[in-house]
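Colleague: I would like to go through this model with you. Please put it up and take my questions in turn.

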Amino acid sequence: MTMRADLQRLRLVAVMAVVCAPHFARVPAWIGTFASAVLLWQALAAWRGWRAPGRYLRLGLALLAFAGVYASFGRVNGLEAGVALLVAMLTLKLTETRSHRDVMVLLGLCYFLLVTHFLFSQAIFMALYLALAAWLITACFLDANHPQGPLATRAALRNGAALLAQALPVAALLFVLFPRIPGPLWGLPDDAGVSGSSGLSESMSPGSISRLALSDEVAFRVRFDGDAPPPSQRYWRGPVFWYFNGGEWRTGRAAEALAAPGEIDWRGEPKQYELTLEPHGGHWLPALDLPRRGPGRPDAGGALRAPDEVRHRRLYRAVSHTDYRLQPDAPVAYREAALQLPARGNPRARELAERWRAQVPDPAAIVDTALRRFRDEPYRYTLQPPPLRGGDRIDDFLFESRAGFCEHYAGAFTFLMRAAGIPARVVTGYLGGERNDFGDYLIVRASDAHAWTEVWLAGRGWVRVDPTGAVSPARVERGLGAALGPDERPAHLMRGGMVLRYRLEAAWDMANAYWDRWFLAYGPELQQSVLSRIGLPDLRAMILALTGSLTALLALIGAILLWRARPRAPADPAVAAWRGFCRRLARAGIERRPDEGPAAFARRAAAAQPERAAEIRRIAALYIELRYRDAGAPGTRRRLLRAVREFRPRSA
């Protein structure tokens with residue numbers, strides 16, 4: 001094995017370690033150990049000149065890796081299993097890399113593995129890390145194709161950076177102008193890129209929302225065109241649940257058959273805003289309660305829904321009113337769907353609701369009576385309620401534990417209203433939002449997830465009633481951190497006096513917000529908005545602009561390269577004058593040979609043109625004095641330039 005091959009293999013090992021390293025935290029521990037061992041083995045082999053492993057050993061290791069991945073995941077396809085298998089096989093590919101073609105294939109696979117990191121994380125740090133890795137891979141490509149032995153490390157890195165810099169304008173142009181399609185270019189596995197801890201689900205049961213309070217992941221960011229509404233009005237509408245089976249709340253088939261509510265009396269000034277939504281795997285699109293315009297389509301509960309699952313970051317604009325009347329004359333089908341209850345279960349809650357109905361026939365008064373019960377009796381808002389026992393969970397919560405999170409209060413209140421003959425439904429979404437002063441926008445986190453109730457009152461329509469606010473007003477006015485006691489407050493809500501830390505976090509979140517908005521969320525809607533502003537209203541204009549821009553850009557790059565490769569005039573005026581003198585003699589038939597010095601050429605030229613011999617010798621002497629002595633006498637350069645300018649040889 002030559003020194004070139006040794007150095008090249010060591011560089012390959014180093015680059016592959018950089019490319020694979022982030023995946024070691026995602027794949028099973030044995031995969032990371034296996035890949036690290038193979039890389040270490042190949043580094044030692046390159047350092048000490050060991051022989052390459054035999055075919056049967058390589059085959060055995062490949063079968064072992066394949067069987068291990070299958071045993072760990074129960075399959076070899078899918079996101080995690082596929083990446084684990086790719087990491088193991090890519091490192092094993094290094095053990096059979098001998099020829100130049102093998103090196104090219106291996107480096108190409110490194111580029112491919114690099115892309116898979118974006119399926120797990122699209123954060124700024126990851127993008128910077130992958131840019132560094134792409135730089136190193138490109139430098140290895142240059143090293144592998146250098147015909148005169150291994151490149152110096154500095155030269156390989158410098159040339160790799162130059163190549164990437166030349167590609168950046170083309171990449172930026174393609175990013176802005178290439179037509180976007182909804183979703184990724186290929187079908188991702190079901191678990192790709194969606195966090196299970198940052199989004200609301202399509203059902204609600206005790207504990208489903210309180211688990212989200214433990215997460216500080218960002219659910220979405222909102223930028224208002226004007227002033228943001230006060231905290232008590234920052235209700236962000238999500239899934240609306242109509243059907244209760246005794247254990248959990250769901251949309252229900254009856255509600256799914258209903259059309260979107262058309263009878264809405266919009267009041268007050270509209271709020272216009274831009275929302276950047278993190279992927280959550282569901283269909284719902286959060287909007288300030290109540291959305292008047294937005295993406296997707298409203299369902300029977302007035303929540304916006306996308307036709308496809310939200311599996312990638314999405315940026316959209318919406319218009320909402322915080323003051324409205326929703327279906328003041330709702331059709332019977334809506335009211336019947338909002339009165340559904342199981343035939344049996346929770347007898348004590350049913351009895352209480354029927355007693356209220358008999359004592360206070362006015363529905364609005366019944367609502368006030370229920371809220372007063374939550375406000376006056378010893379109910380407790382807590383993130384760690386005791387588990388509810390048996391099948392009558394509503395009864396257990398209302399009469400025994402009396403401790404719960406927002407989903408407990410919303411679910412129990414809705415049950416009581418229906419048992420009292422008042423149409424009611426559960427609305428889930430978010431409440432609140434933390435202001436980022438650096439970027440002038442709101443951050444709504446998973447811990448802001450919330451549930452409330454809407455009751456239908458004749459002439460008023462669907463009215464929001466938040467029973468959590470009766471138990472803990474601080475939750476509505478000041479957020480989750482103010483509503484929980486210090487002993488159960490999650491770590492990300494324990495702000496204390498760490499002002500500097502949270503200012504740094506706010507600045508970093510602002511950077512992420514701009515990254516999300518202009519890069520990750522640059523989908524069809526945002527692209528159309530950007531291109532419309534520069535006069536490209538449709539797909540045809542976009543394609544023409546892309547083709548023309550690429551042609552012009554490539555022509556510009558070609559012109560710059562040709563200009564840089566042109567013969568350059570010497571910087572030294574003496575050299576320029578001497579070359580001009582030689583060109584004049586060449587036109588006269590006396591051409592200077594490449595191996596001929598100034599003195600020898602002057603003697604030959606003087607012999608060929610004796611009538612100009614004195615001028616020729618004088619010009620050569622002046623040039624030799626300037627070029628081969630320290631600086632020559634004062635005025636030597638001026639005399640040389642004048643002598644060359646006045647020299648006129650006899651034509652051949």
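Colleague: In which loop is the place of W50?
Modeller: This is a predicted model, where local features need pLDDT of at least 70, side-chain atom pairs count only at pLDDT 80 or more, and totals for chains, interfaces and linings use all residues. Residues are numbered from 1 along each chain as its sequence is written, and side-chain values use heavy atoms, with hydrogens and water left out. Helices (H or I, at least four residues) and strands (E, at least two) are DSSP runs, numbered from the N terminus. W50 sits in the loop between α2 (29-48) and α3 (55-73).

Colleague: Is W50 buried, partly exposed or exposed?
Modeller: Buried means under 20% relative accessible area, exposed means over 50%, and partly exposed lies in between (1.4 Å probe, protein chains only). W50 has 38% relative accessibility, so W50 counts as partly exposed.

Colleague: Which residues make the nonpolar surface patch of about 280 Å²?
Modeller: Patches take residues with over 30% relative accessible area and no salt bridge; like charges are joined within 9 Å, nonpolar side chains (Val, Leu, Ile, Met, Phe, Trp, Tyr) within 5 Å. Areas come from the Shrake-Rupley method with a 1.4 Å probe; for residues, only the protein chains shown count as cover. The patch of about 280 Å² is made by L40, L44 and W50.

Colleague: Which residues does Q8 contact, leaving aside neighbours within four places in sequence?
Modeller: Q8 belongs to helix α1 (residues 3-24). Its relative accessible area is 14%, so Q8 is buried. Contact means heavy atoms within 4.5 Å. With those neighbours left aside, the partners of Q8 are V103, D143 and A144.

Colleague: What is the relative accessibility of Q609?
Modeller: Q609 lies in the loop between α21 (598-608) and α22 (613-628). Not counting residues up to four places away in sequence, Q609 touches A588, I590, I616, P649 and R650. Q609 counts as buried, because its relative accessibility is 2%.

Colleague: Which are the edge strands of the six-strand open sheet?
Modeller: Two strands pair if DSSP finds at least two bridges between them. The six strands run in the order β9-β12-β6-β1-β18-β17, with antiparallel pairing. The strands that pair on one side only are β9 (291-293) and β17 (434-436).

Colleague: Which residue in β18 stands opposite E434?
Modeller: β17 is joined to strand β18 (residues 441-445) by three bridges. The two run antiparallel. Opposite E434 stands I443.

Colleague: How many residues apart in sequence are the parts that R237 and D289 tie together?
Modeller: A salt bridge is a side-chain nitrogen of Lys or Arg within 4 Å of a carboxyl oxygen of Asp or Glu. R237 and D289 form one, with their closest N and O atoms 2.7 Å apart. R237 lies in strand β2 (residues 235-241) and D289 in the loop between β8 (287-288) and β9, so the parts tied together are apart in sequence by 52 residues.

Colleague: Is E596 buried or exposed?
Modeller: E596 meets R593 in a salt bridge (3.5 Å, N to O). R593 is partly exposed, because its relative accessibility is 43%. E596 has 5% relative accessibility, so E596 counts as buried.

Colleague: How many salt bridges does the count come to?
Modeller: Salt bridges that share partners join R237, D289, R425, E454 and R464 into one network. Another pair is R311 and E309 (2.9 Å, N to O). The count comes to 26.
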